[in-house]
Amino acid sequence: GIPMEIIVGKMFKLEIWETLLSSMRAGEVAEFWCDAIHTGMYALVSRGMRRIAEGRDPLEGQKHRCGMGNMFDYHSTGYEDLDELQRTPQPLIFIMELFRVEEPSAYKRDTWAMSKEEKLAAVPVLHSEGNRLVLRKEFGQAAAKYQEAVICLRNLQAKEKPWEDGWLKLESLVTPLVLNYCQCQLELGEYYEVLEHTTELLQKHNDNAKAYFKRAKAHAAVWNEREAREDFLRVAHLDPSMAAAVKKELKQLGERMRKKHVEDRKRYQGLFQQ
């Protein structure tokens, strides 16, 4: 539902598209027949675009190598029709509508189109924008800013060797952004989202007290009492300065659980009496 953007001069994976679009006027709709020699990469391009349309990272699960190299690793695009096109490349017909042409400085670049320097420069800006939105209690928009910053850093991390200096430096920037994102999701009531991201974070950084604290709050919210207590106690052990906050949360958890048990008992008594 969103128009695709092509940056002329970048020679996107289907170079023929630049040639086609450069022959059109704004507002024009045109049909082009392209020989198979120009469409061999279409299956990989379409795979990425479909993932974006599904709300997924187009680079998800890829190793640090070219798209064709990843094809040899996984033997499939994940889409049956595209796999068939990979096996037997064919001429394709593209129907294009050119909405508008913009000057290079007039548009906001997507993450994939940014250079390494542009991504690094975008991260603190996105972080700051997210913080500003949190202060205004616009948690959904703030979460989107933090998520965009994380994607920038993850794309850069994919080009580094895990656990070496470059990767670790980027990871140190990712961690607070993920924690901020999780705080927004707590505010929005997306507790299972918090459980997923904090657990993933703790698999790499099992001494992060803030991650345990947010996971504990998410467990408490979905009535996982034992898991919540374990995480809260881990927080107090890792960071004694958070002991007071942990004590308060444990007290609230106990009160909520007692109230729930009373309500459940009444509900079941009424059921058996009926």
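1. In this predicted model, helices α7 and α9 are roughly parallel to each other, a label given to angles under 35 degrees. Two packed helices are described by the angle between their axes and the distance between the axes. For helix α7 (residues 165-187) and helix α9 (residues 209-221), the axes cross at roughly 20 degrees and come within 11 Å, where the axes are lines fitted to C-alpha atoms over the stretch in contact and angles run from 0 to 180 degrees between N-to-C directions. The crossing of α7 and α9 is left-handed, that is, the near helix is turned anticlockwise from the far one by less than a right angle.

2. The protein chain holds 11 helices and 2 strands, taken as DSSP runs (helices H or I, at least four residues; strands E, at least two) and numbered from the N terminus. Their order from the N terminus is α-β-α-α-α-β-α-α-α-α-α-α-α.

3. Of the 274 residues in the protein chain, 34% are buried, meaning under 20% relative accessible area with a 1.4 Å probe, whereas exposed means over 50%. W33, in strand β1, is exposed, with a relative accessible area of 57%.

4. A nonpolar patch on the surface is formed by V29, W33, I93 and I95, which together have about 470 Å² of accessible area. β1 (29-34) and β2 (92-97) are the elements that give two or more residues to this patch. Patch members have over 30% relative accessible area and no salt bridge, and nonpolar side chains are joined within 5 Å; a salt bridge is a side-chain nitrogen of Lys or Arg within 4 Å of a carboxyl oxygen of Asp or Glu.

5. Residues are numbered from 1 along each chain as its sequence is written, and side-chain values use heavy atoms, with hydrogens and water left out. Local features need pLDDT of at least 70 and side-chain atom pairs count only at pLDDT 80 or more, while totals for chains, interfaces and linings use all residues.

Note on methods. Patches are made of residues with over 30% relative accessible area and no salt bridge: like charges are joined within 9 Å, nonpolar side chains (Val, Leu, Ile, Met, Phe, Trp, Tyr) within 5 Å. Accessible areas come from the Shrake-Rupley method with a 1.4 Å probe; for residues, only the protein chains shown count as cover. Angles under 35 degrees count as roughly parallel, over 145 as roughly antiparallel, 65 to 115 as roughly perpendicular and the rest as oblique.
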